[in-house]
Amino acid sequence: MNLVKLSCLHHVEMPILGLGTFKLKGKDLMYKTLETALAAGYRSIDTAAVYRNESDIGDCLKELLPKFNLERKDIFITSKLGPKDQGKGKCKEACLRSIENLQTGYLDLYLIHWPGTQGKKPEDQSNIQQRQESWNDLEDLHKEGKLRAIGVSNYEQRHLEELLSTCSIPPAVLQIEFHPHLVQSSLVSFCKQHNIHFQAYSSLGTTSDDNKLLTDLTVADIAARYDKNPAQILLRWAIQQDIGVIPKSTNPTHIKENIDIFSFSLAESDMCKLSNLDSQHHYCWNPASVT
Ligand code: NDP
């Protein structure tokens with residue numbers, strides 16, 4: 001598995017591919033999914049307080065790690081601060097609660113999930129102070145070693161600029177929606193320039209009955225030429241740009257397919273064809289309105 005070295009106080013390497021767990025609920029399904037993923041070679045799991053599955057993940061890992069001869073340090077776990085818990089003290093409490101739920105002693109990466117605070121209007125100026133206070137809490141927990149790396153999610157460039165100008169420890173990761181229908185090239189360049197690892201979410205177009213990305217004709221045409229499926233093409237397109245991916249699946253065949261993206265590469269012309277599909281379309285949240 002390719003590893004990405006994160007810019008932070010500790011020595012931290014994150015697998016470029018992890019398993020997404022949004023909407024993955026129920027201990028039996030979680031157990032089967034994590035069992036298949038660990039057997040297939042996944043070593044990174046993405047969750048969040050708002051997914052309400054941290055305890056299930058914690059319980060399942062406790063049983064599964066010994067089964068695979070793995071230790072805590074062999075697994076990379078990301079969680080995120082729920083938007084209702086922004087602010088001084090609240091953020092720290094929420095983070096420690098996530099660690100307790102996951103039963104892992106520490107987290108490898110913890111992200112501020114959203115630049116706003118739940119219940120506040122997106123244009124409310126106090127969102128700014130609240131997220132800065134949350135970041136200060138994360139810096140303290142990072143120094144203590146409870147969070148090996150810290151970062152943000154759904155921050156646009158202006159949110160990142162504000163954070164970079166006020167923080168004492170810069171964010172190691174930006175996790176944001178990114179796929180050929182939402183390419184975000186200037187944000188990718190900004191992150192490269194500031195040593196912030198860019199991690200894509202919803203690389204496959206989210207969980208939807210009307211998925212417009214997996215059925216895109218250009219993606220399907222490229223997939224047929226490489227004898228791969230559309231999901232593999234979408235994931236390969238991202239990692240070939242050093243962008244992390246966290247595809248979500250509960251289907252054992254898909255879980256295995258999604259990690260089988262390291263043994264082929266896309267020609268530059270096909271990379272461009274995919275990038276040219278950009279329609280600035282968000283299939284998930286759009287943080288544009290958050291002050
Ligand atoms: P994805 O873009 O990963 O798409 C998941 C969907 O694709 C599911 O319906 C899944 O179905 C299907 N799928 C997966 N693999 C294949 C395959 N090989 N062939 C065909 N279909 C496939 O969705 P998410 O929006 O969940 O994004 C991934 C992860 O990113 C989340 O789970 C979460 O961890 C994170 N995320 C973070 C956000 C944030 O605000 N920070 C927001 C949204 C997501 P099936 O299960 O049947 O395989």
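A nitrogen atom of the ligand lies 2.8 Å from an N or O atom in the side chain of Gln175, a polar contact (a pair of N or O atoms within 3.5 Å; within protein, one must be able to donate a hydrogen and the other to accept it, and residues adjacent in sequence count only if both atoms are side-chain atoms). The model is predicted: local features need pLDDT of at least 70, side-chain atom pairs count only at pLDDT 80 or more, and totals for chains, interfaces and linings use all residues. Residues are numbered from 1 along each chain as its sequence is written, and side-chain values use heavy atoms, with hydrogens and water left out.

**Ligand surroundings**
- The ligand is surrounded by 30 residues, the closest being Asp46, Gln175, Ser202, Ser249 and His254; a residue is near a molecule if one of its heavy atoms lies within 4 Å of it.
- An oxygen atom of the ligand is 2.9 Å from a polar side-chain atom of Asn154.
- From Ser203, a backbone N or O atom lies 3.5 Å from an oxygen atom of the ligand.

**Sheet**
- Eight strands form an open sheet in the order E3-E4-E5-E6-E7-E8-E9-E10, with parallel pairing; strands (E, at least two residues) and helices (H or I, at least four) are DSSP runs, numbered from the N terminus.
- E3 and strand E10 (244–245) are the edge strands, each pairing on one side only; two strands pair if DSSP finds at least two bridges between them.
- Strand E8 (residues 173–177) runs parallel to strand E9 (residues 197–201), and five bridges join them.
- Tyr201 of E9 is the bridge partner of Glu177.
- Ala200 lies in strand E9 and is buried, with a relative accessible area of 0%; buried means under 20%, exposed over 50% and partly exposed in between (1.4 Å probe, protein chains only).
- Not counting residues up to four places away in sequence, Ala200 touches Ile176, Phe178, Ile243, Gly244, Val245 and Ile246, where contact means heavy atoms within 4.5 Å.

**Helices**
- Helix H1 (residues 27–40) has 14 residues and should span 20 Å at 1.5 Å a residue, which agrees with the 20 Å between its end C-alpha atoms; the expected span is 1.5 Å times one less than the number of residues.
- Met30, Thr33, Leu34, Thr36, Ala37 and Leu38 are the buried residues of H1, and they pack against strand E3 (19–20), strand E4 (44–46), helix H2 (54–67) and helix H9 (252–259).
- Gly41 follows H1 and has a positive phi, near 110°.
- Gln232 is found in helix H8 (residues 230–239) and is buried, with a relative accessible area of 6%.
- A polar atom of the Gln232 side chain lies 3.4 Å from the backbone oxygen of Asp260.

**Nonpolar core**
- Leu6, Leu34, Leu147, Leu160, Leu174, Phe178 and Phe198 touch the most other members of the largest nonpolar core, which has 81 residues; such a core is a set of buried Ala, Val, Leu, Ile, Met, Phe, Trp, Tyr and Cys residues joined through side-chain atoms within 4.5 Å.
- H8 supplies the largest share of this core, seven residues.
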